[in-house]
Amino acid sequence: MEVKIGKTSGFCYGVNNAVKRAEEEIEKTKETVYCLGELVHNKEVTKKLEKKGLKFIDDINEAEGKTIIRAHGVQKEVYETAQKKRIELVDLTCPSVLKIHNIAQEYSQKRYYIFLIGEPEHPEVIGTYSFCGENSTIISNIEEVQKAIRDLKKTEIKELLIISQTTYNLKKYTNIIKQINEQIGKDVKIEEKCTICLATEQRQKETEEISKEVGLMIIIGGRKSSNTNKLYDISCKNCKNAIFVENKNDLELEKGNISKFDKIGIMAGASTPRESIDEIVKYLDKEKELLKI
């Protein structure tokens with residue numbers, strides 16, 4: 001059995017920075033430290049931080065002290081509420097996401113219409129959309145392009161900004177951009193800023209490459225993680241056998257299916273800790289030894 005592990009697997013810069021700084025805040029602060037929403041979408045990381053003393057809340061009004069802003073970012077209104085309540089914020093929003101917030105706010109003030117490509121219910125998109133202003137539309141798939149263009153035409157605004165969720169599928173994004181350009185009309189000036197982060201792009205490309213070479217593809221990460229789910233979708237398109245696991249326990253349930261494959265690929269999401277990857281690799285190594293007997 002040959003096991004191929006993606007070089008881009010595991011924590012990206014934004015997640016690594018958020019987790020490390022959250023741990024530092026917990027250690028140096030004597031009182032309770034709060035976190036608005038899950039810091040990152042991974043149960044293993046969340047449990048570890050809870051054990052260290054981090055208290056997760058769903059509403060800024062629940063905060064009674066120092067509060068961490070999650071890596072996905074939050075709505076503009078959260079900052080305003082925190083300022084009124086004099087709550088100290090530790091902003092651990094991914095730098096790539098903060099950059100998008102600034103772009104959205106800048107172009108909104110310039111009176112551009114904004115198309116935000118992403119998943120409407122994802123925390124990052126919810127946060128970013130609050131910086132886009134009233135003249136904006138979220139596009140979650142190619143079928144929604146026509147409606148978005150109709151919304152733009154109603155305003156008679158002739159300048160359009162297109163931005164995206166950092167973890168959106170690159171191929172889907174490219175297809176949506178193509179569709180917009182074909183249907184928008186020459187009277188609208190388009191400013192496109194592909195804000196899919198480099199780490200996401202590289203991880204998706206590597207997942208595609210590996211999944212084409214193996215008999216089984218294992219994707220490791222949190223079920224709620226957007227970028228991890230996209231890695232699984234890519235794997236399913238290129239490999240007949242793909243499984244999504246959060247940890248070694250999930251993989252053990254697939255034991256009967258694993259032993260029949262000679263070549264296995266592994267990729268992990270941006271919020272998947274190294275320990276989860278190492279546990280699964282160690283488990284597969286044991287399986288390889290057993291198969292030799």
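The charged end of Lys110 lies over the ring of Tyr107, 4.6 Å from its centre; a charge is taken to sit over a ring if NZ of Lys or CZ of Arg is within 6 Å of the ring centre and within 35 degrees of the ring normal. The charged end of Arg223 likewise sits over the ring of Phe244, at 4.7 Å from the ring centre. The model is a predicted one, in which local features need pLDDT of at least 70 and side-chain atom pairs count only at pLDDT 80 or more, while totals for chains, interfaces and linings use all residues. Residues are numbered from 1 along each chain as its sequence is written, and side-chain values use heavy atoms, with hydrogens and water left out.

The structure contains 3 aromatic pairs. Rings of Phe, Tyr and Trp (its six-membered ring) are paired if their centres lie within 6.5 Å, and the pair is called stacked with planes under 30 degrees apart, edge-to-face over 60, and tilted for the rest. The pair of Tyr107 and Tyr112 is edge-to-face because the ring centres are 4.8 Å apart and the planes stand at 80°. Tyr107 is buried, at 7% relative accessibility, and Tyr112 is also buried, with a relative accessible area of 7%; buried denotes under 20% relative accessible area, exposed over 50%, and partly exposed in between (1.4 Å probe, protein chains only).

Tyr232 and Phe244 form a tilted aromatic pair, with 5.6 Å from centre to centre and 55° between the planes. This pair links distant parts of the chain, with Tyr232 in helix α9 (residues 226-238) and Phe244 in strand β11 (residues 242-245), 12 residues apart. Tyr232 is partly exposed, at 24% relative accessibility, whereas Phe244 is buried, with a relative accessible area of 9%.

The secondary structure of the protein chain amounts to 12 helices and 12 strands, where helices (H or I, at least four residues) and strands (E, at least two) are DSSP runs numbered from the N terminus. The radius of gyration is 21 Å, close to the 19 Å given by the globule rule for 293 residues, so the protein chain is as compact as a globular protein of that length. The radius is taken over C-alpha atoms, and the rule is 2.2 Å times the number of residues to the power 0.38. The C-alpha trace spans about 70 × 55 × 25 Å along its principal axes.

Of the 293 residues in the protein chain, 52% are buried. Among contacts (heavy atoms within 4.5 Å) with a separation of 6 or more, 72% involve residues 24 or more positions apart.
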